[in-house]
Amino acid sequence: MKKEYITSSSAQTKKLGQKLAKDILKKKPEKTAFVIGLEGELGSGKTTFVQGFAKALGIKEKVLSPTFVIIKRFQFNNLTIKQFNNFYHLDCYRIKKPRELLDLGFKEIISNPRNIVAVEWADKIKKIMPEDVLWINFEFIDEKKRKISFICDIIEK
Ligand SMILES: Nc1ncnc2c1ncn2[C@@H]1O[C@H](COP(=O)(O)OP(=O)(O)OP(=O)(O)O)[C@@H](O)[C@H]1O
Ligand SMILES: [Mg+2]
């Protein structure tokens with residue numbers, strides 16, 4: 001994937017999320033979870049991106065902002081996905097201390113190679129994020145435009 005994209009609609013942002021998911025599914029298995037850190041202001045498109053991402057993983061449930069639950073787990077019932085069992089969607093907006101997330105089993109979630117983990121507001125818990133993270137930065141350009149930057153080259157294409 002390229003490093004930077006400008007999307008002009010939420011549909012385009014979802015498409016980009018789908019593309020990333022497809023690329024991840026093509027990767028060789030790793031020793032730990034595949035972790036994505038999403039950062040960017042309110043309304044910059046993080047959840048929208050995750051909706052496209054989840055759709056490409058065959059998740060039929062509606063992906064909402066998990067702000068109030070903090071951690072939402074989706075199990076794959078898609079038999080074509082062999083290397084992963086779960087998709088975790090986290091939202092750290094309300095997290096005050098990384099400890100709160102550790103108490104919810106964050107370390108176990110990110111160490112299981114059968115998990116894909118997407119963390120909104122991951123910059124708030126940078127201290128406990130693993131080293132190998134695909135960081136994605138979302139910037140509001142105008143009402144319809146967002147700049148989406150991939151900060152890491154785990155996915156090169
Ligand atoms: N190009 C675009 N990409 C993504 N969303 C867009 C775009 N243009 C307009 N939007 C709108 O912007 C909003 C993005 O909201 P979204 O919940 O995805 O943001 P968020 O970054 O997850 O915010 P929060 O920090 O509150 O969780 C949606 O209402 C969406 O329809
Ligand atoms: Mg959100």
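## The nonpolar core

In this predicted model, the largest nonpolar core is made of 33 residues. Val35, Leu38, Phe53, Val117 and Val119 have the most contacts inside that core. Two or more core residues come from each of these elements: the helices α1 (10-26), α2 (46-56) and α4 (106-111), and the strands β2 (34-39), β4 (86-91), β5 (115-120) and β6 (133-140). In soluble globular proteins, nonpolar side chains tend to be buried together.

What does phenylalanine 53 touch, if residues up to four places away in sequence are not counted? Its contacts are then Gly17, Gln18, Leu20, Ala21 and Ala118.

## The sheet

Strands of a sheet pair through backbone hydrogen bonds, in either a parallel or an antiparallel manner. Here 7 strands form an open sheet with mixed pairing, in the order β1-β7-β6-β2-β5-β4-β3. Strands β1 and β3 are the edges, each pairing on one side only. From one strand to the next, the twist averages 15 degrees.

Two helices pack on this sheet. Helix α1 touches β1, β2, β5 and β7, and its direction makes about 145 degrees with that of β1. Helix α2 touches β2, β3, β4, β5 and β6, and its direction makes about 165 degrees with that of β5.

## Strand β7 and its partners

Strand β7 (residues 146-151) runs antiparallel to β1 (residues 4-7), and 4 bridges join the two. In this pairing, isoleucine 6 has lysine 147 of β7 as its bridge partner.

Strand β7 also pairs with β6, again in the antiparallel sense, over 6 bridges. A hairpin of 5 residues joins β6 to β7. Across this pair, tryptophan 135 stands opposite isoleucine 151, and asparagine 137 stands opposite serine 149.

## Helix α2

Is α2 mostly covered or mostly uncovered? The helix is mostly covered, with 9 of its 11 residues buried. The buried residues are Lys46, Thr47, Thr48, Phe49, Val50, Gln51, Gly52, Phe53 and Ala54. Their cover includes helix α1 and the strands β2, β3 (71-75), β4, β5 and β6. Just after α2 comes glycine 58, which has a positive phi of about 85 degrees.

## The surroundings of ligand 1

Around ligand 1 there are 20 residues, of which Thr13, Gly45, Lys46, Thr47 and Thr48 are the closest. Helices α1 and α2 each supply at least two residues of this shell. By class, the shell has 13 polar, 5 charged and 2 nonpolar residues.

## Two single residues

Serine 10 lies in helix α1. Serine 10 and arginine 146 are 136 residues apart in sequence, yet their C-alpha atoms are 9.0 Å apart in space.

Tryptophan 121 is found in the loop between β5 and β6. Why does tryptophan 121 count as buried? It does so because 20 other C-beta atoms lie within 10 Å, and a residue with 20 or more is buried. Most residues other than glycine have a negative phi. Tryptophan 121 is not a glycine, but its phi is positive, at about 60 degrees.

Definitions and conventions: Residues are numbered from 1 along each chain as its sequence is written. Chains are lettered from A and ligands numbered from 1 in the order in which they are written. This is a predicted model: local features need pLDDT of at least 70, side-chain atom pairs count only at pLDDT 80 or more; totals for chains, interfaces and linings use all residues. A nonpolar core is a set of buried Ala, Val, Leu, Ile, Met, Phe, Trp, Tyr and Cys residues joined through C-beta atoms within 7 Å. A residue is buried if 20 or more other C-beta atoms lie within 10 Å of its own, exposed if 12 or fewer, and partly exposed in between; C-beta atoms are placed from the backbone. Two residues are in contact if their C-beta atoms, placed from the backbone, lie within 7 Å. A residue is near a molecule or strand if its C-beta atom, placed from the backbone, lies within 6 Å of it. Ala, Val, Leu, Ile, Met, Phe, Trp, Tyr, Cys and Pro count as nonpolar, Asp, Glu, Lys and Arg as charged, and the others, Gly among them, as polar. Two strands pair if DSSP finds at least two bridges between them. Axes are lines fitted to C-alpha atoms, for helices over the stretch in contact, and angles run from 0 to 180 degrees between N-to-C directions.
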